[in-house]
Amino acid sequence: MEWSGQVFSWIYQYFDNMAFLLLAASGLILIYGMMGVINMAHGELMMIGAYVASAAFYVGAPAPVAIVAAGLVAGLVGIAMERLVIRHFYNQLLSSLVVTWGLSLILSQGVLLALGPSTMNMPTPFGSFSVGGFSFGVYRMVLFATAIGLIAGVWALFRFSSFGVAARAAMENPRMASALGVDTKRVYTATFAIGSALGGIAGALFAQTAAISPFFGQNYTPMAFITVVMGGGASAILGLVYAALYLAGVQTIASNVFNQYVGYVSIMAAAFIGLLVMPSGISDFVQKRRARRMAR
Amino acid sequence: MTGVTRSRIPALLAGLNGPQTLGNSRLFWVLWLAGVAAFALLPCVASRYQVLTASNFFISAILALSLCLIWGFAGILSLGQAAFFGVGGYAYGIVGINLIEATGESGAALVVGALAPALLAAAVGALMFYSRLKGVYVAILMLVVSLLLGLFMRQTADPAYAIGGAYLGGMNGLGPATASDPSIPNLTLGFGELVAEFDGRGRSFYWLALGALVAVYLGLRWLVNSSFGYLLVAVREDERRTETFGYDVRLIQLGAFCISAALAGLAGALYTAWGTYIHPDGFSVGPNILVVIWVAVGGRKDLTSVVVATLSLSWISIELATWGEISLLVLGVILVAAMLVAPEGVFATLGAWFGRLMVRSRRRPAPPPTAAAKLGAAR
Amino acid sequence: MSAPILEVRDVHKVYGGVRALNGLSLSVAAGEIHCVVGPNGAGKSTFFKTLIGVERPTTGQVFYKGQEVTKLPAFRRARLGLSVKFQNISAFGELTALQNLFVPLRRNHRKADIPARASAVLARVGLAGVEDTPVRQLSHGQQQWLSIGLSIAAEPDLLLLDEPAAGLSSEETARTAELIRELNRSGMTVVVIEHDMGFIRSLRARTSVLHYGRLFAQGGFDEIATNEDVRRIYLGAA
């Protein structure tokens, strides 16, 4: 065991923790940022993605196909949820929170009834490499790269495509947007579908590192939410990256100095302290400081 | 009944009635008394198992009322109300194990069971309300608090996690630290020679739980129809506007939050005393979502509806258990359906409808304001 | 003129990249009615929010009765005798008129005295007899007056009204103007923030014009009404 291995291990864990937060939050932030709905069933969409991916894998589909299939199925489930239920709860923050929590209960209990409580596993691909006597899985690095790719993709979708323009218009002024010929209902459904598909893809990716059960998603939603809150709304995507950098850093240090549990708690503690200093998130804080400099 | 007490009853009732509660008529109180009497007489006809189960329902109703106070009246939703329930339960057990042999009673443990969560609420609430966190953030952070407490309790299997004679016990639940320590005591109230023990499986505990529920219900009815209750509703309706009248909104929210936590803790302590058992699963998603379902399906803005819904839904869950593990799935469906059909709560909507019907049949002017009527105005 | 009861000094407020206030300085004398007008986007709402304390200025200071209140939260300013009415209806819709008045009155009065005082306030704003009516059943004009009633029930020294005539008929507008003059005669300083020049005309008070987040012009109403530059910005030809 050499010091180079130790240092690399920390860096490796940091990126791994960051990938976890970014992937879990990517779909959630899209739906929250664009539609103001916190989807408490996001973790269950990830769970569905995980099951679909592993099912596809065991019938012999290559991994990329399995991941795309997971995204598609989760997206379809998302569309059904939006059409049937969530549509009636726009602009009612607390009610939408409760009703999506109900949906999450239905999904997890439904899968439990259908498939039973036993867990499934998928093999982790790509093998491992070693640095200074420590062994590291390649797959977790791939996860990080994928997380960055997905976040960049979402950002580009809304920045450059005509869909992004329509979606932003629909959110800012629904009446005006529909007067200008934007089909706001379809924009909402599409946004929700994309967010859900991202959840499904994230679930498929995590399925290759964690055991899959009907309660697979339960721990993801709160963590993803904390990351989104910490990021703030001023520029949501950039905020998400700031938040992941900050929270994963605290978690990595705490879990190395103490243990895994303290590491997990430290995310929460770090978010609490962060929100005391910056009640509306990191990106709002950065923007306000910029504004103050501008006023001088 | 003497003339003096008879003349006081209207004044007492006046404090319990008001626009913040459905059911202020004489008819309502007659039905209410009949309902309480029927429950009080239930052990005379019901089986031992039914009495035991119903005791737990009353404890659940107290927990539901604690959420009703903050969500329905102050507009503060918490998705982690079971955190306070669990802390109260553990506090009762820990204090009870340590004191039962020394003092021969566990009333002090019950008090600590209510105070400990109130202290936790004061600390967490001060952080949240004084940083003016948005309502959704408060809701989910409370869930995170509950899940973290559960995680903590799960990893306390190491014998080092002992507080006096109480051993936290990880996944085995709270228990005695050594063979010579007592296990979690039954609720034992009284001083010196005058001590009564309430066995969770017996009728005495049933009546005690029913009495606690009635006391909490009446206390909350009085509270929400008092000055403080008006302020809570004012904060719920328009936080900023209330502040511009010189009220420190954060303090009002914190006060309600602590009261709610104390009530949830009381329920938790009673629960531990009922089963002489408390387990980390009490902090998991399941119990937290159940409380929200009871309150949302009942009608968060009305205490009576919440109690009726909790008792009914708990009964439905037990009945469904004979069909397999479907009760949570069915409750999830009931929640989503109720929120689509009656966003102000199924029981509150029915109650308001029934109230209007009664008023119309008596040709009285201006029905009392109801949650359902507000809905009609808002849409 | 008497000492200023309210003064803002060089206040800036930046939201994102937008400068809502850009070096605004303004003072209000004790005992006057002071109107603040300006075209849309002039910074009137932001000015109002920094006065009552729901927003803090990015830079600059706010003084009330000679004391700096820039960083004081809204409820502390209210306790110093500053009362406000927001632009939109700001009564509590789920409560009755009497229960609404309970909120401002409970701070200074015993519970038993409140019904009588509430009735007096309602009579003063022309709403005698609506005590037990839920607010959402009142007409738009009645709700506006109740909102003003809530503000004066707090017994303020300075009353800030944001668009008190919004959405009112011409008759209701005239009654509102009369109410404001009467409150002023009883010793209250009143600041009226308004977009509609017609309403301001009926008050005939000292008027400040905001434009691009600064003080653009100030003077008596007639002076302002005949000012060519003010007309130009109002017609949007600037």
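**View 1. Helix H1 of chain C against the strands in a predicted model.** Helix H1 of chain C covers residues 44-52. It lies across E1, E2 and E4 of chain C. Its direction is at about 60° to E2(C).

**View 2. The open four-stranded sheet of chain C.** The strand order is E2-E1-E4-E5, and the pairing is antiparallel. Strand E2 (18-29) and strand E5 (67-68) of chain C form the edges. Each of these edge strands pairs on one side only.

**View 3. The pairing of E1 with E4 in chain C.** Strand E1 spans residues 4-15 of chain C, and strand E4 spans residues 59-64. The two run antiparallel and are joined by five bridges. In this view, C:Arg9 stands opposite C:Gln61 of E4(C).

**View 4. The contact between chains A and B.** Here 32 residues of chain B are in contact with 30 residues of chain A. On the chain B side, helix H6 (135-154), helix H11 (285-298) and helix H13 (327-341) are the elements that give two or more residues. H6(B) gives the most, with 10 residues. By class, this side of chain B has 26 nonpolar, four polar and two charged residues.

**View 5. The surroundings of B:Arg236.** B:Arg236 sits in helix H8 of chain B, residues 227-237. B:Arg236 counts as buried because it has 21 C-beta neighbours inside 10 Å, and the cut-off is 20 or more. Leaving aside neighbours within four places in sequence, B:Arg236 is in contact with B:Phe73, B:Ala74 and B:Gly75. B:Trp71 is 165 residues away from B:Arg236 along the chain, yet their C-alpha atoms are separated by 9.0 Å.

Conventions: Residues numbered from 1 in each chain as written. Chains lettered and ligands numbered in written order. Predicted model: local features only at pLDDT ≥ 70, side-chain atom pairs only at ≥ 80, totals over all residues. Pairing = 2+ DSSP bridges. Contact = placed C-beta atoms within 7 Å. Axes fitted to C-alpha atoms, helices over the stretch in contact; angles between N-to-C directions. Nonpolar A, V, L, I, M, F, W, Y, C, P; charged D, E, K, R; others polar. Buried ≥ 20, exposed ≤ 12 C-beta atoms within 10 Å, placed from the backbone.
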